[in-house]
Amino acid sequence: MTALEIDFSRTAGEIEEIVNTMSGKIPEITDYPFNHRARLIKPILSYDTAAIALSFVPAAGESPPDERQKAADTYTYHHLRRDLYTLSKSMGVEVASRYVVPSAHLTIARFVTQNDISISEEDETPDPLKVQKLLDGIEMINAELQDRYWPKDDQQIKAGGEWIVGQEKGLECRKGTLWYGGGETVRLGKGF
């Protein structure tokens, strides 16, 4: 999950300059969730013409775990993203993210070609029946996610139904060509 993308279209040399400029703040940024915990809940599959993602929404006091008070949810994922942006800007770095919509998602599939939903390999026109079959599958999974993991009547959220950013490990600062698992880790933050 990308909490903040600084840039997406610079040369390796330009990225190295950005990393060097930010080096004094990178530990503070990657450790930030240790003391600023944002909880995400309600996992659901979302999709667009490019990909399928597992998406979450910021918690707003719904069924917090035993050790967490409802008031702790007043600090949300949107606040975390805002603070990471502010910390980055404070180093004089220009933030030029590809997407500005504050989405909390994990990309799980990319549509590299249209072959799986097109009429044929020769005709890339989407086949309505194949598209409907894909959408029906996504909706079936979403119904299962909602039934199994979404909060109900102040009951505890089941394991896997929430994630507190920084749980297990802190934020990871990475550089390079990051899509499809590329790039390298500059620093891994402290988790809890």
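Which residues of the largest nonpolar core touch the most other members? I put this question to a predicted model.

**Entry 1: the cores.** I found that Met22, Tyr77, Leu80 and Leu84 touch the most other members, in a core of 23 residues. I noted that helix 1, helix 2 and helix 3 each contribute at least two residues to this core. I also recorded a second, separate core of 5 residues, with Leu45, Ile52, Leu145 and Tyr149 among them. As background, nonpolar side chains in soluble globular proteins tend to be buried together.

**Entry 2: leucine 80.** I looked up the contacts of leucine 80, setting aside neighbours within four places in sequence. I listed Tyr32, Pro33, His36, Ala38, Tyr75 and Val165.

**Entry 3: helix 3.** I checked the length of helix 3, residues 77–89. I then listed its buried residues: Tyr77, Leu80, Arg81, Asp83, Leu84, Leu87 and Ser88. Viewed down the axis of helix 3, these fall within an arc of 165°, so they line one face of the helix. I noted what covers them, including helix 1 (12–22), helix 2 (26–31), strand 1 (39–47), strand 2 (51–58) and strand 3 (104–110).

**Entry 4: helix 1.** I found Ile15, Ile18, Val19 and Met22 buried in helix 1. They cover an arc of only 100° around the axis, which puts them on the same side of helix 1. I recalled that an α-helix has 3.6 residues a turn, so residues three or four places apart point the same way. I recorded that the buried residues of helix 1 pack against helix 2, helix 3, strand 5 (172–175) and strand 6 (184–188).

Technical notes: Residues numbered from 1 in each chain as written. Predicted model: local features only at pLDDT ≥ 70, side-chain atom pairs only at ≥ 80, totals over all residues. Heavy atoms only, no water. Helix = DSSP H or I, 4+ residues; strand = E, 2+ residues; numbered from the N terminus. Expected span 1.5 Å × (residues − 1). Buried < 20%, exposed > 50% of the residue type's maximum accessible area, 1.4 Å probe, protein only. Arc of directions from axis to C-beta. Contact = heavy atoms within 4.5 Å. Core = buried A, V, L, I, M, F, W, Y, C linked by side-chain atoms within 4.5 Å.
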